[in-house]
Amino acid sequence: MVATAASSAFFHLPSADTSSRPGKLGNGPSSLSPLKPKSTPNGGLKVKANASAPPKINGHPVGLKSGGLKTQEDGPSAPPPRTFINQLPDWSMLLAAITTVFLAAEKQWMMLDWKPKRPDMLVDPFGLGSIVQDGLVFRQNFSIRSYEIGADRTASIETVMNHLQETALNHVKSAGLSNDGFGRTPEMYKRDLIWVVAKMQVMVNRYPTWGDTVEVNTWVAKSGKNGMRRDWLISDCNTGEILTRASSVWVMMNQKTRRLSKIPDEVRNEIEPHFVDSPPVIEDDDRKLPKLDEKNADSIRKGLTPRWNDLDVNQHVNNVKYIGWILESTPPEVLETQELCSLTLEYRRECGRESVLESLTAVDPSGEGGYGSQFQHLLRLEDGGEIVKGRTEWRPKNGVINGVEPTGESSAGDYS
């Protein structure tokens, strides 16, 4: 439509009716009288014009003041010459057409402008992340959505944990090791092996808020004889401040027998070329978690049951769901005045759809008072079987600890 309007503005289309029409011009006659020949002394004819064509400006007729049209008796009045200027349309129409075309083109360009801001990144227009640092580190950005924040208008700990899990799976997929799309290599698939997390440590310096964009870097390393360590760094895309550090240990389990398994040599050959030789981003918290039961628990929440949507493709409850259940027994006054800043979880067994659980929480006596509060946690089956044991540390929501406000660290060092 815009192109049609613009092209029709350049080319003047004459009217189909070319016959003369009666009209009134000034105080002159209402119709043009015929041209009358007049004899001249040399035998020629002299034509006397009783009317002339109305003058035009830019191809449009204009009216004249009252008083009639004055003509010369010695020759006819010629129409203005046809020039390019006379054929131009109204400038406002032409300018509007050009503006519309440029605005439409600019909008399309902005939608397609997904070029990377950093030359060292492999481009992924669909936001699934990219491999950097010689193929050993996986990087992905996330925008904090409105449904990922809590009552404090900051991202919840579950949101942070979901980002960790998503980047771990996308890393395996981008490295070409995923056979079924959920973290299993081809050799693992042949042997019915799956990864399960044995231990998770998370330290949160600051929670992002709604609309923030965070950058998640993750990599894997060796952990003992039959384990694999995965680390994460989450940073603010705008400032480079490190928001969260996380480290985890993973082991293999047979999907059919549900028993732990050693890493076969064939699987080891697949994953070891992707290992990074680096220390963990969090020093291992090897403090033993004391026994916790209904006798020494300060708070107990019973009757917790998994929903169908809590299961993952391996047919057990997703490990992120456990964190929500642990917080169910945390004292409400702590949730209202403090925020979780450190988390250590030890996974003991898996949880199925038919399980009924209890969440127990007790004040940690080993707390040194540096933070607002420290707690011990236990998530168990109703028959007493332990699923997850953990320790959490909390700080005031204003971020001030012992009168000192924590400062953000610089970006991800060698992995930036």
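## Basis and confidence

Residues are numbered from 1 along each chain as its sequence is written, and side-chain values use heavy atoms, with hydrogens and water left out. Because the model is predicted, local features need pLDDT of at least 70 and side-chain atom pairs count only at pLDDT 80 or more, while totals for chains, interfaces and linings use all residues.

The protein chain has an average pLDDT (the predictor's confidence in each residue, from 0 to 100) of 77, and 67% of the residues score at least 70. Helices (H or I, at least four residues) and strands (E, at least two) are DSSP runs, numbered from the N terminus. Among these elements, the lowest mean pLDDT, 47, belongs to helix α1 (residues 2-10), and the highest, 97, to strand β9 (residues 227-236). Over residues 5-42 pLDDT stays under 50, and the model has 33 contacts (heavy atoms within 4.5 Å) beyond four places in sequence for them. Residues 114-126 also stay under 50, with 15 such contacts.

Helix α4 (residues 157-174) has 18 residues. From its first C-alpha to its last α4 reaches 26 Å, close to the 26 Å expected at 1.5 Å a residue, the expected span being 1.5 Å times one less than the number of residues. Buried residues (under 20% relative accessible area, with exposed over 50% and partly exposed in between, for a 1.4 Å probe and protein chains only) of α4 include I157, L164 and N170. Just after α4, G176 takes a positive phi of about 80°.

Q140 belongs to strand β6 (residues 137-143) and counts as buried at 5% relative accessibility. The side chains of Q140 and N170 are joined by a polar contact of 3.0 Å.

## Salt bridges

The structure holds 24 salt bridges, each a side-chain nitrogen of Lys or Arg within 4 Å of a carboxyl oxygen of Asp or Glu. One of them pairs R206 with E241, the closest N and O atoms being 3.1 Å apart. R206 lies in the loop between β7 (193-204) and β8 (213-223) and E241 in the loop between β9 and β10 (242-254), so the pair ties together parts 35 residues apart in sequence.

R287 is partly exposed at 33% and forms a salt bridge with D285 (3.0 Å, N to O). E393 also forms a salt bridge with R287, at 3.7 Å between the closest N and O atoms. That pair links distant parts of the chain, E393 being in strand β16 (residues 386-396) and R287 in the loop between α6 (265-271) and β12 (299-304), 106 residues apart. Through shared partners, salt bridges join D285, R287, D364, R391 and E393 into one network.

Technical notes. A polar contact is a pair of N or O atoms within 3.5 Å; within protein, one must be able to donate a hydrogen and the other to accept it, and residues adjacent in sequence count only if both atoms are side-chain atoms.
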